[in-house]
Amino acid sequence: MRITALSGGIGGARFLRGLLHVLGPDDEVVVVGNTADDIWLFGLKVCPDLDTVMYTLGSGIDDVRGWGRLDESWHAKEELAAYGVEPTWFGLGDRDLATHIVRTQMLQAGYPLSDVTAALCSRWFGDLRSPVRLLPMSDDRVETHVVVPRDGVDTAIHFQEYWVRLQAAPALRDVVVVGLDSSAPAPGVLEAIAGCDVLLVPPSNPVVSVGTVLGVPGVGEAVRATSAPVVGLSPVVGGAAVRGMAGPLLRHLGVEVSAAGVGAHYGARSEGGVLDGWLVDESDADAVAALRGTGLVTRATPLLMPDVASAAQMAAAALDLAATLPGRTDP
Ligand code: GDP
Ligand code: CA
């Protein structure tokens, strides 16, 4: 079976690690990773979501933090701070730095991000028999910026600064995904969506992870058109994002922060949306009735991922639901 998944960072990566546990020997997964969180720091290209997926699936992640490398040290960051070099708020560990240095060198040698990502992944996923391929959503530079009040003046800052340094505390005036409209899908992205047997939307941030992937011109259209069934999993459980700060972003879009609200925001493909099936947590079973009549086939199942086994159960539930759905016969 060929599975394609659209992923952000931690929610996507943990789900995908569970998915790998339930794959058969002939199954393959293509991950289309969000790159709108990418940022240039100290002359280095940092791709937080691609790296979270790569490290998580390659057993190199710090599982407690959920990002960055296992067994990390922070000497370079301390030295930069001692020189007074800004920014000091982004967590760049020593081991992690090596990834960004290799990536930046390859980009500067002229390779597109998709080739660079494949080269980095060959270390983490092993040889060509790996069942996983990680593609950036685009080789073009795309960056999510947000507008927040600073000293009384509305100011655009990189999403990472809003998220990591400001902890999403300031009022969110606007979200602007710079470069998205003129970006093109990376090689292989549209083919992976059109040619898969199942398309999964993991419990990633619906706005700044999945939303940006879907916003690359051609990607949303490919999702709407694929003959594969499309199943999503809610990142919102019990009226709040399980982790992180999807709440302010959803509210900014006028989306209710609930499993039903996010499901309705994605919408059923039969009604012009992007999903056929939607999994919500058991505690949100009321969403099944709330979404009846919207065209989305909704099921309640445990959606928390404290360990790999629970993520694997979620992946199995998503594939089970997909198997009951016809997909689109009129693409
Ligand atoms: P980011 O790029 O690192 O923010 O990661 P993603 O966009 O992939 O995922 C962030 C989303 O994952 C957040 O909105 C969380 O609510 C969601 N999330 C994290 N852990 C879990 C979990 O155990 N279960 C569910 N359902 N969602 C989760
Ligand atoms: Ca992210």
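User: What is the handedness of the crossing of α1 and α2, and which residues of α2 make the contact?

Analyst: In this predicted model, the crossing of α1 and α2 is right-handed. On the α1 side the contact is made by Ile10, Ala13, Arg14, Leu16, Arg17 and Leu20, and by class the contact of α1 with α2 has six nonpolar, two polar and two charged residues. The residues that α2 brings to this contact are Thr52, Val53, Thr56 and Leu57.

User: Are α1 and α2 roughly parallel or roughly antiparallel?

Analyst: Helix α1, residues 10-22, and helix α2, residues 48-57, pack with their axes 9 Å apart and at an angle of about 30 degrees. Angles under 35 degrees count as roughly parallel, so α1 is, relative to α2, roughly parallel.

User: How many charged residues are in the contact of α2 with α5?

Analyst: α2 packs against helix α5, residues 113-125, at an angle of about 20 degrees with the axes 9 Å apart, and the two helices are therefore roughly parallel to each other. The contact is made by Leu50, Met54, Tyr55 and Leu57 of α2 together with Leu113, Thr117, Leu120, Cys121, Trp124 and Phe125 of α5. Divided by class, these residues are nine nonpolar and one polar, and the number of charged residues is none.

User: Are α2 and α4 parallel or oblique to each other, and how many charged residues does their contact have?

Analyst: The axes of α2 and helix α4, residues 94-108, lie 12 Å apart at an angle of about 120 degrees, and because of that angle the two helices are oblique to each other. Asp51, Met54 and Tyr55 in α2 meet Asp96, Thr99, His100 and Arg103 in α4. By class, the contact of α2 with α4 divides into two nonpolar residues, two polar residues and, as the number asked for, three charged residues.

User: Is Thr4 buried or exposed, and which residue's backbone oxygen does the side chain of Thr4 reach?

Analyst: Thr4 lies in strand β1, residues 2-7, and Thr4 is buried because its relative accessible area is 2%, where buried means under 20%. Leaving aside neighbours within four places in sequence, the contacts of Thr4 include Val30, Val32, Ile193, Cys196 and Leu200. The side chain of Thr4 also reaches a backbone oxygen at 2.7 Å, and that oxygen belongs to Ala192.

Key. Residues numbered from 1 in each chain as written. Chains lettered and ligands numbered in written order. Predicted model: local features only at pLDDT ≥ 70, side-chain atom pairs only at ≥ 80, totals over all residues. Heavy atoms only, no water. Helix = DSSP H or I, 4+ residues; strand = E, 2+ residues; numbered from the N terminus. Buried < 20%, exposed > 50% of the residue type's maximum accessible area, 1.4 Å probe, protein only. Polar contact = N/O pair within 3.5 Å; in protein donor to acceptor, adjacent residues only side chain to side chain. Contact = heavy atoms within 4.5 Å. Axes fitted to C-alpha atoms, helices over the stretch in contact; angles between N-to-C directions. Parallel < 35°, antiparallel > 145°, perpendicular 65-115°, else oblique. Left-handed = near helix turned anticlockwise from the far one by under 90°. Nonpolar A, V, L, I, M, F, W, Y, C, P; charged D, E, K, R; others polar.
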